[in-house]
Amino acid sequence: MKIKWPRMLAVLVVLAFAGLARMAAQQPVTVETLKQFVVAFNAHDLDAVMNFFADDCELIMPRGPEPWGQRYVGKAEVRKGLATRFEGIPDVHYGDDEHWVSGNHGVSRWTLTGTRRDGKKINVRGCDLLEFRDGKMVRKDSYWKIVEPRS
């Protein structure tokens, strides 16, 4: 089989430019993006928090009726789910945060502190596994350590 190099080269150039155009169309996710997300949470600004999410987003909370916790799908439901965090822990704060980004995925590790409505103090280490598309969050999957009394 004889390869027609000019044609093959032309195809490769077209594919390379198509890939670059696709990458350029996607807004990059940065560590700064994840830091600003935490700032919005700590300000208890639900509107600012929701600006990070895509319309077809998914939120998976660390607690809930299933082994994966509670799942909310779609921007309206995610907003309701996040509102429960501010209602249940009115002084919630994410500190000692660290962030990593790889492609369209991010990880944020933090310490959550606050006081529940019943007066119980919370101090847990946790992380968010985040997925983005075109600069907007499509999935936020949260995990917390389980703190047990010392024996």
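Of the 151 residues in the chain, 34% are buried. When contacts between residues at least 6 apart in sequence are considered, 45% of them join residues that are at least 24 apart.

The confidence of the prediction has a mean pLDDT of 88 over the chain, with 82% of the residues reaching 70 or more. Among the elements of the chain, strand β4, which comprises residues 105–115, has the highest mean pLDDT, at 97, whereas helix α1, which comprises residues 5–25, has the lowest, at 56. Over residues 20–25 the pLDDT falls below 50, and this stretch has one contact in the model beyond near neighbours in sequence. Where pLDDT is low, the predicted coordinates should not be read in detail.

Helix α2, formed by residues 31–42, can be checked against a simple expectation of length. Its twelve residues, at 1.5 Å a residue, should span 16 Å, and the C-alpha atoms at the ends of α2 are 17 Å apart, which agrees with that expectation. The buried residues of α2 are T33, L34, F37, V38, A40 and F41. Because these residues cover an arc of only 160 degrees around the axis, they are placed on the same side of α2.

Two residues call for comment on their backbone angles. Just after α2 comes H44, with a positive phi of about 55 degrees, a value that H44 takes although it is not a glycine. H44 lies in the loop between α2 and α3, the latter consisting of residues 46–50, and with a relative accessible area of 30% H44 is partly exposed. The second residue, D96, is likewise not a glycine and has a positive phi, near 45 degrees. D96, however, is placed in strand β3, which covers residues 93–102, and D96 counts as exposed because its relative accessibility is 58%, the cut-off for that class being over 50%.

The largest cavity holds about 50 Å³ of space, and its lining is made up of F37, V38, F41, Y94, S108, W110, D128 and K140. Two or more residues of this lining are given by each of the elements α2 and β4, and the largest share, three residues, comes from α2.

Open space was examined in terms of the largest pocket, in which about 400 Å³ of space lies. The largest pocket is lined by 19 residues, of which R63, V124, K145, I146 and V147 are the closest to its centre. At least two residues of the lining are supplied by each of the strands β1 (53–66), β5 (121–133) and β6 (136–144). The largest share of the lining of the largest pocket, four residues, comes from β5.

Technical notes: Residues are numbered from 1 along each chain as its sequence is written. This is a predicted model: local features need pLDDT of at least 70, side-chain atom pairs count only at pLDDT 80 or more; totals for chains, interfaces and linings use all residues. Side-chain values use heavy atoms; hydrogens and water are left out. pLDDT is the predictor's confidence in each residue, from 0 to 100. Contact means heavy atoms within 4.5 Å. The expected span of a helix is 1.5 Å times one less than its number of residues. Buried means under 20% relative accessible area, exposed over 50%, partly exposed in between (1.4 Å probe, protein chains only). The arc is that of the directions from the helix axis to the C-beta atoms. On a 1 Å grid over the protein atoms alone, a cavity is a set of points where a 1.4 Å probe fits but cannot get out, and a pocket is an open set with protein on both sides within 12 Å along at least five of seven lines; lining residues have an atom within 4 Å of a point. Grid points are joined across faces, edges and corners, and a volume is the space filled by probe spheres set on the points.
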